[in-house]
Amino acid sequence: MTRVIAVASGKGGVGKTTITANLGVALSTYGEETLVLDADVAMANLELILGMEGKSVTLHDVLSGDAEIEEAVYEGPGGVKVVPAGISLEGLRKIKLDRLENALSKLVQNVDILLIDAPAGLEKDALAAIAAAQEMILVTTPEVPSISDALKTKIVANKLGVEITGVVINREMHDKTFLTINEIETILEVPVIAVIPDDPEVSRAAAFGEALVVRNPKSPTSNAIMQLAADLIGENYQPIEPDKKSIIAKLVEGLLGRR
Amino acid sequence: MEMPIISPSIVSYADELNFNQLLEDLLKNKHNGFIRVTSGSYEGYILFKNGNQVAASYDKYSKLEAVESIKSIIKENDTLIEVFNLKESPVDYLINVNKPYLIESGNDVYDVLNELKKSDHDEIENPNSHAETKSSRKKLESESEITEESNTETTQYIPKPLNNEPKPTQKQTIQQTEASNEDKPKFTLENESKIELSNSEVKLKQSNPSNTEKILVDDSTYSNESPSEKEIQIQKDAVEDIEKKSTIEDESIDRSTLLKKYGIKEINETDVENILYSYKGGSIDDNDVEKIELTLMNKIKKSILGIPKIMSAEVLVFLDNTHELSGNTNIIIEHESKGFFSRMIGESRDTENLRRQIINIAQIEIKKSFRKYPEIINNFEINVEIN
Ligand SMILES: Nc1ncnc2c1ncn2[C@@H]1O[C@H](COP(=O)(O)OP(=O)(O)OP(=O)(O)O)[C@@H](O)[C@H]1O
Ligand SMILES: [Mg+2]
């Protein structure tokens with residue numbers, strides 16, 4: 001039975017795509033047959049983050065009836081399967097969202113986990129992406145507008161019969177002016193399942209078209225995502241600690257004043 | 001002028017009605033609303049507030065000139081006069097959006113009023129603010145894509161004051177340096193983060209002067225430490241202090257206090273219903289479809305019967321929800337003394353006008369029923385049969 005998990009937020013730019021991409025790679029490295037689907041046809045960038053842009057057949061073609069979904073599946077880092085959205089604003093209008101459902105039912109036949117990167121907002125495209133899933137991961141930053149939108153998204157998802165797996169707090173900055181994890185949990189009434197630090201490496205990795213969990217596996221950010229992936233499938237995860245020997249070497253270097 | 005599409009309370013040809021008498025009556029009744037005068041392909045409007053003429057347009061004319069032109073065409077037989085009723089607040093709104101047409105009344109009352117009403121008007125003007133928010137969001141996003149790593153992004157490099165937090169031990173700090181440094185053999189971390197820090201400081205200073213202070217505070221807090229340590233410490237803290245942070249926080253904060261504290265609105269049922277309603281990908285079930293059909297039928301019928309001289313109206317609405325929600329509306333009306341009109345103008349023209357009016361009314365009702373999703377109107381076919 002395939003698990004279909006939507007990654008949604010309400011507010012835009014909070015990190016859905018970043019988390020979907022990296023979570024997809026992370027789950028694949030645990031041996032889960034994982035497929036990530038960029039349902040944001042208008043603002044596609046999942047393929048950019050995974051360094052897979054310029055693929056000829058995309059979800060866009062599938063939804064406009066010009067291609068079969070199987071043709072739009074590509075293999076990405078760590079063996080994750082990717083269905084790129086295809087960046088094309090033109091012709092968006094004629095897209096039939098019910099085709100998304102058809103496409104999905106074919107896709108899930110060969111995968112363990114399907115991650116859907118939902119578009120921001122609560123317009124029909126976003127709702128279609130959420131409704132297509134059984135579970136939803138709610139992404140928010142610790143800021144009020146993002147949390148307020150997340151709350152709305154949560155309630156709408158509930159109405160659509162989608163179970164909320166939990167909240168991922170992204171871009172945690174350890175700043176007193178933002179909401180705390182506890183406060184966010186209380187407001188959203190959903191458990192926080194991961195806290196991902198604000199990390200400049202995220203945009204750097206994106207710029208290089210590399211998944212962060214591959215590029216920087218030892219960073220706290222990668223560890224947080226790997227841990228989240230492990231929790232989702234009930235795996236154990238040992239955070240990758242830096243190599244002990246070299247720490248001591250560096251420590252000695254430091255003591256010798258070579259810094 | 002910008003006028004709403006609503007159904008008229010009076011429809012009459014000019015020769016059946018004394019226009020001057022009408023104006024007097026409207027004044028006497030302190031009428032709020034407007035009249036539309038149609039002659040050939042020309043349309044004129046006069047807007048009334050408390051019976052006074054406050055704005056007017058006709059063809060390319062505006063203000064008093066327009067009123068004069070309207071009065072002159074009133075003598076023609078085929079001029080159609082329609083009277084529309086409004087409440088006072090929509091009139092104020094219309095005054096506001098039709099400034100170029102305002103008849104100067106010798107005082108500035110309306111200007112003042114306009115200013116006062118501005119805030120209200122914004123709300124009325126954007127019933128579909130949902131969509132607008134989205135488009136502005138998109139705009140913002142594309143901007144931020146272009147200026148990758150600019151202002152907002154850079155804040156992430158800036159250490160925040162950690163006044164109350166215990167500083168990590170020297171050893172911890174070094175370990176962290178090690179960890180993050182691992183993948184970049186070419187540069188030392190110090191160099192790299194120093195560059196980042198100074199960049200971001202510059203950018204922040206330019207864009208957001210109020211933040212400069214913060215940065216200065218930061219610098220003094222850490223005067224003895226290198227920038228790399230700062231950055232690493234922040235990253236480390238972000239992860240390590242998660243537990244600390246949550247235990248520090250008051251465990252017994254209640255939700256409504258929090259919502260109030262952060263000004264977050266509790267989501268109400270109708271909002272959610274509206275959101276779901278606009279989603280046509282299968283959330284409307286067959287029962288709903290029937291209900292919508294019935295409601296639409298009644299609403300359309302009621303407003304059509306508001307047109308004078310309509311004796312009876314049968315309205316049938318069929319919705320199709322298999323792919324996109326779409327509909328078919330059949331309207332059959334019986335019309336009184338058709339010959340009466342045709343005496344003056346061609347019968348076909350008269351019928352055509354009426355047909356147009358009925359279609360208009362039906363469309364308005366449909367749009368009103370799908371407030372959040374007015375484009376639905378494109379999926380509706382409306383047929384009118386006049387007997
Ligand atoms: N943990 C993080 N630390 C720093 N930057 C981040 C982090 N997560 C995301 N970002 C940055 O924030 C921006 C938005 O991220 P992303 O595209 O993943 O958001 P999104 O929710 O998918 O946005 P959209 O609503 O447009 O689809 C990107 O520039 C990304 O690099
Ligand atoms: Mg995205």
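Tutor: Accessible areas are calculated by the Shrake-Rupley method with a 1.4 Å probe, and for residues only the protein chains shown count as cover. The model is a predicted one. On that basis chain B exposes about 21,300 Å², of which carbon and sulfur atoms supply 51%. Of the 387 residues in chain B, 42% are buried. Chain B contains 15 helices and nine strands. When contacts in chain B between residues at least 6 apart in sequence are taken, 67% of them join residues at least 24 apart.

The 14 residues of α10(A) span 20 Å from first C-alpha to last, close to the 20 Å expected at 1.5 Å a residue. Buried here means under 20% relative accessible area. Because eleven of its 14 residues are buried, α10(A) is largely enclosed by the rest of the structure. The buried set begins with P220(A), T221(A), S222(A), N223(A), A224(A), I225(A) and M226(A), and it also includes L228(A), A229(A), A230(A) and L232(A). After the helix comes G234(A), which has a positive phi near 70°.

The largest nonpolar core has 91 residues, and the members that touch the most others are L23(A), L37(A), I116(A), M136(A) and L188(A). In soluble globular proteins, nonpolar side chains tend to be buried together. For L188(A), neighbours within four places in sequence aside, the contacts are L138(A), T140(A), I147(A), A150(A), L151(A), K154(A) and V167(A).

On the chain A side the contact is made by E183(A), T186(A) and I187(A), and on the chain B side by R255(B), L258(B), L259(B), K261(B) and Y262(B).

In chain B, strand β9, residues 380-386, holds I382(B). With a relative accessible area of 15%, I382(B) is buried. Setting aside residues up to four places away in sequence, I382(B) touches T329(B), I331(B), I359(B), A362(B), Q363(B) and I366(B). The C-alpha of I382(B) is 8.5 Å from that of G327(B), although the two residues are 55 apart in sequence.

Two backbone details in chain B remain. N50(B) is not a glycine, yet its phi is positive at about 50°. This residue sits in the loop between β3 (42-49) and β4 (52-58) of chain B, and with 29% relative accessibility N50(B) counts as partly exposed. K63(B), likewise a residue other than glycine, has a positive phi near 55°. K63(B) belongs to helix α2 (residues 63-73) of chain B and counts as partly exposed at 28% relative accessibility.

Methods:
Residues numbered from 1 in each chain as written. Chains lettered and ligands numbered in written order. Predicted model: local features only at pLDDT ≥ 70, side-chain atom pairs only at ≥ 80, totals over all residues. Heavy atoms only, no water. Helix = DSSP H or I, 4+ residues; strand = E, 2+ residues; numbered from the N terminus. Buried < 20%, exposed > 50% of the residue type's maximum accessible area, 1.4 Å probe, protein only. Contact = heavy atoms within 4.5 Å. Core = buried A, V, L, I, M, F, W, Y, C linked by side-chain atoms within 4.5 Å. Expected span 1.5 Å × (residues − 1).
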